[in-house]
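User: Hi, I'm new to reading protein interfaces. Can we go through this one together?
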Amino acid sequence: MSVASIKEEQGKIVIALEGDIDLENAGEVRKALLANLKQKKDLLIDLSAVSYIDSSGIASLVEGLQVARKQKNELSLVSVSARALRVLELARLDKVFAIHADVAAALAARP
Amino acid sequence: MTMTPSDSGALNFAATLARSFAASLNVDATVGQALASIIQLLETEAGSLFLLDDAGSMLVCRASVGPVKIDGLAVPMGQGIVGRAVAEDRLLVVENAYEDKNFFKAADAKSGFITRSILCAPMRVGDKLIGAVQVLNKRSGHPFDGIDGKDANMLQVMANAAALAISNARLADQLLEQERIKRELELASEIQRSLLPNEDDDLPICGINRPIREVSGDFYDYFELPDGTIAFALGDVSGKGMNAALLMAKTASLFRCLGKTIRDPARLLSILNREICETTSRGMFVTMVAGLYEPATGLLRFANAGHLPPLIKFPDHLYETVAPDAPPLGILRDMHFVDHEIDLKGGLFVAFSDGLTEFRYGDEELGVDGLNQLLEYAHDGPLRQRLEMVLAELDQGGWQAKDDLTLLAIDDRAAGKAWQRERVPAVAAPAEADFLFGLSFPADPSRLKMMRPALEAAAKACQFGEDEIQDLVLAAGEAIENIMIHAYGGQVKGEITLAVHRLPDGIMLRLRDFAPRVDAGKIEPRPLDEVRPGGLGTHFIRAIMDDASFIPLPDGEGNLLELVKRRKNATESAEATAVATAGGADSKGGN
């Protein structure tokens with residue numbers, strides 16, 4: 001299971017991912033992101049319970065980010081686990097994604 | 001058949017009747033025919049024939065002739081004229097029915113028939129009373145003769161002949177019923193056999209099922225999945241007979257259906273358990289071992305629901321197998337089952353039902369030790385032959401089976417081509433490399449999560465720090481994914497071997513595939529200023545590993561990628577040593 005929950009908070013969709021995200025289930029993450037982006041709302045991706053993420057998981061996040069930007073929505077990462085942060089840093093994507101401490105911080109940061 | 005009621009006529013009649021009865025195999029037809037003949041011979045207005053029920057407490061009218069039909073009427077033993085005749089085992093003559101306190105007047109009141117006189121004879125076969133026949137009112141209007149009279153004698157003769165005929169017809173019925181049950185059991189047995197897998201000597205797995213009766217409560221099954229993994233199960237249903245056989249058929253069918261998609265034995269048992277709990281009558285349960293075996297790697301995962309622990313024999317020792325950690329299926333609805341994973345390393349996995357270990361020789365029981373010894377004895381030859389040898393030893397040694405017997409074995413030695421290959425490196429590792437472990441697995445993304453703990457443990461053994469271990473696992477995972485996606489193009493049947501070596505200052509991984517050669521020059525990490533999916537894996541490998549290079553293979557197909565990572569502290573201390581040495585030289589030179 002890589003997509004743990006999907007809920008809406010203050011008009012933003014919060015998708016919590018969990019466990020190991022790799023080639024086996026990155027497709028599931030991609031599908032969940034793209035399906036929710038169809039609602040034309042901002043997405044918050046909670047990575048607190050992600051124990052492992054590899055290039056295919058990161059690729060799904062990047063694709064989500066690109067689609068969100070194209071339709072003028074935000075895709076931000078929240079509660080990023082140390083492991084996920086390390087991988088984002090390795091890919092030098094830690095500056096590309098908006099990263100917030102948690103959902104509350106992300107909601108407060110709304111422009 | 002018209003005859004006058006003379007003595008010789010009665011005897012002739014009895015003989016004719018007996019012959020015609022003997023030819024009849026149907027009890028109802030025989031009873032009806034007997035009564036009609038008796039009434040005709042004795043020239044009476046009515047008559048009825050009663051047979052004792054199975055419990056021997058009620059007499060039930062099986063045929064009646066005359067103006068009143070009383071078929072189905074039940075009379076308790078000892079009551080009424082009929083009940084008394086049987087209870088007292090004697091012929092009764094009632095000259096005036098209405099004066100006899102035992103006479104049951106209600107039937108007459110209802111029908112308008114007036115019973116005047118009755119003659120009732122018990123029917124017996126040997127010592128066994130089976131019922132009675134009674135006749136009412138002679139057509140002549142005269143009463144029946146007395147107890148020793150002609151009528152009484154004739155009725156008793158007729159009753160005896162009828163009793164014999166009915167008994168014969170009953171026996172014939174029983175034989176027919178037995179024949180029907182036998183045919184149905186044969187069919188059930190055939191259906192059960194059809195649930196067992198077709199033997200395939202190309203697979204390193206084999207089973208034997210030998211029911212103690214026509215139908216079995218045991219079963220086994222196995223089948224190959226598209227990626228070469230073999231799903232297998234062995235089960236034993238509590239109880240015996242048709243109930244157990246039906247539950248066996250249900251469980252086996254469910255396993256075959258679920259086992260094709262569920263790649264987690266513990267989860268599969270949990271679903272099976274819920275299904276059996278929902279629909280199985282109380283008190284029945286199934287013990288079962290189910291698992292997955294990969295011939296390419298020798299890895300075997302299984303879960304055990306209350307079944308005897310399978311025997312696992314490695315080439316040099318017997319593995320202490322785990323006791324069942326969950327109850328049988330069908331007892332409690334929400335049960336958790338546990339997966340166990342074992343690398344068979346060329347060994348033998350044997351699951352069996354208790355019918356095998358409970359083989360007896362006098363007071364002696366075979367037991368697990370006995371089975372182990374027999375498997376030792378039958379250690380050579382094709383797997384099927386070895387299992388048959390075990391059973392032949394028991395049969396020839398005079399051991400007696402007490403229960404259904406089922407045996408399922410997996411011979412990793414027979415599967416061992418890929419297993420051997422991972423242990424024979426394509427290119428010899430450097431002398432300082434200390435081989436830690438090797439794995440061979442299909443190019444299936446579901447394998448990635450199984451690989452990570454093994455790599456973590458190896459990196460820990462090479463004294464890497466926690467962050468380095470996580471990075472190393474990421475880089476190795478990316479390299480494996482590259483093979484899956486690029487070398488094999490997503491074909492999960494492709495084979496990958498991984499050999500992990502410890503270096504004095506780090507770790508070396510060698511990943512081999514058997515796909516067409518890749519052009520190493522074309523593999524480049526993508527520029528990181530482009531924010532786009534894909535191409536990150538190679539970047540991760542380059543960023544994390546100190547060296548990643550393809551080693552030319554002397555011949556044959558495939559690619560060999562060597563990844564080396566040195567410990568950060570080892571690199572730093574090596575650099576520090578170099579600096580110190582250089583500094584020393586300088587100072588020395590300065591002197």
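Analyst: Start with a term: buried area is the accessible area (1.4 Å probe) that two parts lose on being put together, summed over both. One caution: this is a predicted model, where local features need pLDDT of at least 70, side-chain atom pairs count only at pLDDT 80 or more, and totals for chains, interfaces and linings use all residues. Residues are numbered from 1 along each chain as its sequence is written, chains are lettered from A in the order in which they are written, and side-chain values use heavy atoms, without hydrogens and water.
User: OK, how much do chain B and chain A bury between them?
Analyst: About 2,000 Å², with 60% of it on carbon and sulfur atoms.
User: And how many residues are in contact?
Analyst: 26 of chain B and 22 of chain A. Contact means heavy atoms within 4.5 Å.
User: How many salt bridges between the chains?
Analyst: Five. Each needs a side-chain nitrogen of Lys or Arg within 4 Å of a carboxyl oxygen of Asp or Glu. One salt bridge joins Arg86(A) and Asp471(B), at 2.4 Å from N to O.
User: Which helix of chain B gives the largest share of the side that touches chain A?
Analyst: Helix 14, with ten residues. Helices here are DSSP runs (H or I, at least four residues), and strands are too (E, at least two), numbered from the N terminus.
User: New topic: why is helix 15 of chain B largely enclosed?
Analyst: Because seven of its nine residues are buried, meaning under 20% relative accessible area (1.4 Å probe, protein chains only). Among them are Phe540(B) and Ile544(B).
User: What covers them?
Analyst: The cover includes helix 2 (55-70) and helix 3 (82-90) of chain A. From chain B, it includes helix 14, strand 22 (547-550) and strand 23 (559-566).

Definitions and conventions:
Buried < 20%, exposed > 50% of the residue type's maximum accessible area, 1.4 Å probe, protein only.
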